[in-house]
Amino acid sequence: MAIRVTKKCCLFSTLGVLVVAAALTVTLVLVLRDDEEISETYHFTASPIAVRLEEQPDHRYVLSIHRGDDVLQKITFDHDFTDDSEIETFPKGMRLFGNGHNVEIRELEDSAGFAYLSVSRTLRKGQLGSDQLHLQGTHGPDQAPLHWYGGPEQMEQYYPVEQLRFDDYAYITKELHSAAIIERYWVSTAGVFVYVDKEVPLFIDQDEQVLRLTAKKELPYYTYDDEFVFNYRIGVAGDAREAHQRAIERVLNQPVDIPDERMVRHPIWSTWVRYRRPISQQTVIDFAREINTNGFKNAQLDVDDLWEVCYGSLTFNTITFPNVTEMTETLREMGFRVTLWVHPFINKNCDPWYTEALSKGYLVKSHNETIGYNTKWWNSGENEASYINFNNPDAVEWYRRRLRELQDLGIDNFKFDAGETSWAPEDPDIDGTKALLPSSQTVNFVRMCAAFGGMIEVRTGWGTQDLPVFVRMLDFDTRWGWNNGLRSLVPTLLQMNLNGYPFVLPDMIGGNVYNDDILTKELFIRWLQASVFMPSIQYSKTPWDIDEETVTISKKFTVLHETYADYIIQRMRLAVSHGIPVNPPLWWLDPTDKIAQTINDEYLLGEDIVVAPVLTEFAVARDVYLPKGTWRDGNTGRVHEGGRWIYNYTAPMDTLPYFVSATFQAN
């Protein structure tokens with residue numbers, strides 16, 4: 001039998017003597033392990049939260065989080081702790097130990113509206129820790145179903161995210177599935193968030209029942225040390241909005257400033273979809289003239305792929321760009337700023353730059369001698385390129401100096417592509433804190449990019465929410481539907497905002513028109529409408545490539561975006577000061593609204609505009625759900641009370657359904 005403490009207390013044992021602080025009540029229970037399982041409950045003092053750890057018949061343990069009789073969350077420690085395992089209490093928590101595992105549940109913070117705790121253990125190489133976060137359940141007085149938000153950015157970005165599926169998924173930034181933002185953060189409608197520490201070599205599995213968090217020393221993580229940590233933190237607040245705000249303050253960071261305002265007010269224009277590669281100086285100037293002739297404004301014109309001598313040279317091809325300074329001066333006279341598409345790769349045939357980088361140790365090398373410096377990206381063959389090592393400060397300075405030389409030619413700034421960890425050779429041999437490898441490559445790349453100021457754009461991030469830069473959605477395909485098409489646009493916007501990245505740059509209007517994709521007039525216009533109330537809009541395929549009506553409709557919605565630019569900037573500043581998403585989900589206005597919790601084809605701009613774009617081919621009407629509040633139709637002026645549906649809202653191709661709060665006053 002065993003002695004256990006069933007209430008929060010201070011416990012010391014010396015020579016078999018139990019000593020308890022006199023002011024606390026303690027119940028001593030004799031536990032016969034053959035007849036019953038053991039359990040322990042820890043009560044927070046200021047918060048009405050209790051945490052219960054209970055043995056199951058199979059010797060696994062379940063950690064459950066309670067608010068009164070309401071079970072907010074269950075986590076199963078998926079490990080056989082055997083029948084001689086023990087629970088031990090201490091002043092700020094409790095400890096479960098047995099069969100080589102020692103799991104500590106510790107109070108981190110306790111206030112009237114918030115409870116914060118950690119679950120931690122240290123593991124040896126060869127061990128693994130695996131905890132199951134239960135995704136299903138009910139909560140609250142009306143037993144509302146549980147829903148989840150957060151997790152990795154995905155090509156098929158479903159929302160809420162319990163619909164996603166993963167199998168032994170290494171949790172690093174990667175090009176596969178467009179997982180360029182991969183924060184270790186999930187938040188539920190029960191007001192519970194979970195954040196896995198950056199030092200954990202994390203893999204996830206997910207089905208309709210559980211999200212399994214597994215820590216193990218396997219590739220792609222650094223595998224050459226003997227111990228590693230499995231730590232995660234749990235925050236419990238009154239609802240999902242409050243929980244997210246607490247997470248912003250404690251684990252997700254918030255931006256220190258806003259990016260370039262002109263990129264908010266006016267469209268970005270890119271040569272990519274219209275011209276592909278290669279491009280030329282004359283092409284760029286002609287494109288700018290067309291933009292002006294058709295009466296559109298600009299934030300900047302981005303010179304995309306291929307302007308270099310070779311990939312990685314960061315040197316203009318003088319045949320296609322005979323006088324770059326003359327080009328940039330001409331564009332400036334026409335009212336354009338100029339940005340340049342750049343990337344972190346050097347192809348092996350790009351000499352003398354490749355040889356220089358190799359000889360100076362500026363490239364990522366694998367621990368595997370067979371792999372060496374070899375990698376592949378979309379503009380190289382297999383093993384025909386290398387990835388610059390941004391964990392090497394000398395390599396960073398070398399890369400940065402070459403970019404500054406381009407700015408001396410009149411280039412204003414850069415569109416930084418790639419940067420995900422997965423582009424490096426497998427098992428990279430690089431410097432940096434071992435527990436943060438290999439994803440620290442992404443961090444150092446993005447922070448190098450951000451040093452060029454708020455006019456840049458990047459497409460990846462890991463703990464870089466503090467940077468005042470636009471983060472672009474990865475390339476969308478030119479199609480309707482969920483599979484990386486238009487239907488994925490709003491869920492991706494919500495996903496990025498709820499991961500702490502509010503300065504979202506949606507992909508180009510109409511997508512990238514890859515392979516056999518066909519950009520129809522309808523798809524182009526609906527894509528533009530869906531983007532209007534996002535922080536920025538970006539053209540590449542142009543409206544005048546389609547027809548005059550498309551030009552007229554595109555001007556209408558480009559002007560609508562500009563009309564609300566001041567409000568977008570205001571909301572950006574609130575993201576800086578308070579960590580509030582620029583484009584929250586509908587439930588942000590009422591976290592208890594069970595309908596709003598699952599709406600994935602509408603979004604908010606701030607807390608005053610509901611946007612319900614038409615995302616289905618051939619549709620000329622849609623149902624619109626309005627959250628709590630009083631709303632004025634942006635098209636008709638009619639006033640509606642929220643918390644209800646508007647069925648069969650008429651929306652022909654020139655109409656975007658949107659609603660403005662009746663209390664909204666434009667600056």
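I counted aromatic pairs and got 49 in the structure. Rings of Phe, Tyr and Trp (its six-membered ring) pair if their centres lie within 6.5 Å; planes under 30 degrees apart count as stacked, over 60 as edge-to-face and the rest as tilted. I looked up one of them, phenylalanine 345 with tryptophan 378. This pair is edge-to-face, at 6.2 Å centre to centre and 80 degrees between the planes. Phenylalanine 345 sits in strand E26 (residues 345-347) and tryptophan 378 in the loop between helix H6 (353-359) and strand E27 (385-387), so the pair ties together parts 33 residues apart in sequence.

Notes on the source. This is a predicted model: local features need pLDDT of at least 70, side-chain atom pairs count only at pLDDT 80 or more, and totals for chains, interfaces and linings use all residues. Residues are numbered from 1 along each chain as its sequence is written, and side-chain values use heavy atoms, with hydrogens and water left out. Helices (H or I, at least four residues) and strands (E, at least two) are DSSP runs, numbered from the N terminus.

**TIM barrel span**

I checked UniProt, where an unreviewed entry places "domain: Glycoside hydrolase family 31 TIM barrel" at residues 271-568. UniProt annotations may be inferred rather than shown by experiment. I find 34% helix and 9% strand in residues 271-568, with the end C-alpha atoms 26 Å apart.

Next I took H10 (residues 521-531) and H11 (residues 548-563). Their axes (lines fitted to C-alpha atoms over the stretch in contact, with angles from 0 to 180 degrees between N-to-C directions) come within 10 Å and cross at roughly 5 degrees. That makes H10 roughly parallel to H11 (angles under 35 degrees count as such). In contact (heavy atoms within 4.5 Å), Lys521, Phe524, Ile525, Leu528 and Gln529 of H10 meet Glu549, Thr550, Ile553, Ser554 and Phe557 of H11.

**C-terminal span**

The unreviewed UniProt entry gives "domain: Glycosyl hydrolase family 31 C-terminal" for residues 579-661. I read 0% helix and 36% strand there, and 22 Å between the end C-alpha atoms.

I traced an open sheet of five strands, E33-E34-E39-E36-E37, with antiparallel pairing (two strands pair if DSSP finds at least two bridges between them). E33 (603-605) and E37 (639-641) are the edges; each has a single partner strand, so one side of each is left without a neighbour in the sheet. Neighbouring strands are turned by 30 degrees against each other on average, direction ignored. Three bridges join E34 (residues 609-611) to E39 (residues 658-661). I noted valine 611 opposite tyrosine 658 in E39.

How values were computed: Angles under 35 degrees count as roughly parallel, over 145 as roughly antiparallel, 65 to 115 as roughly perpendicular and the rest as oblique.
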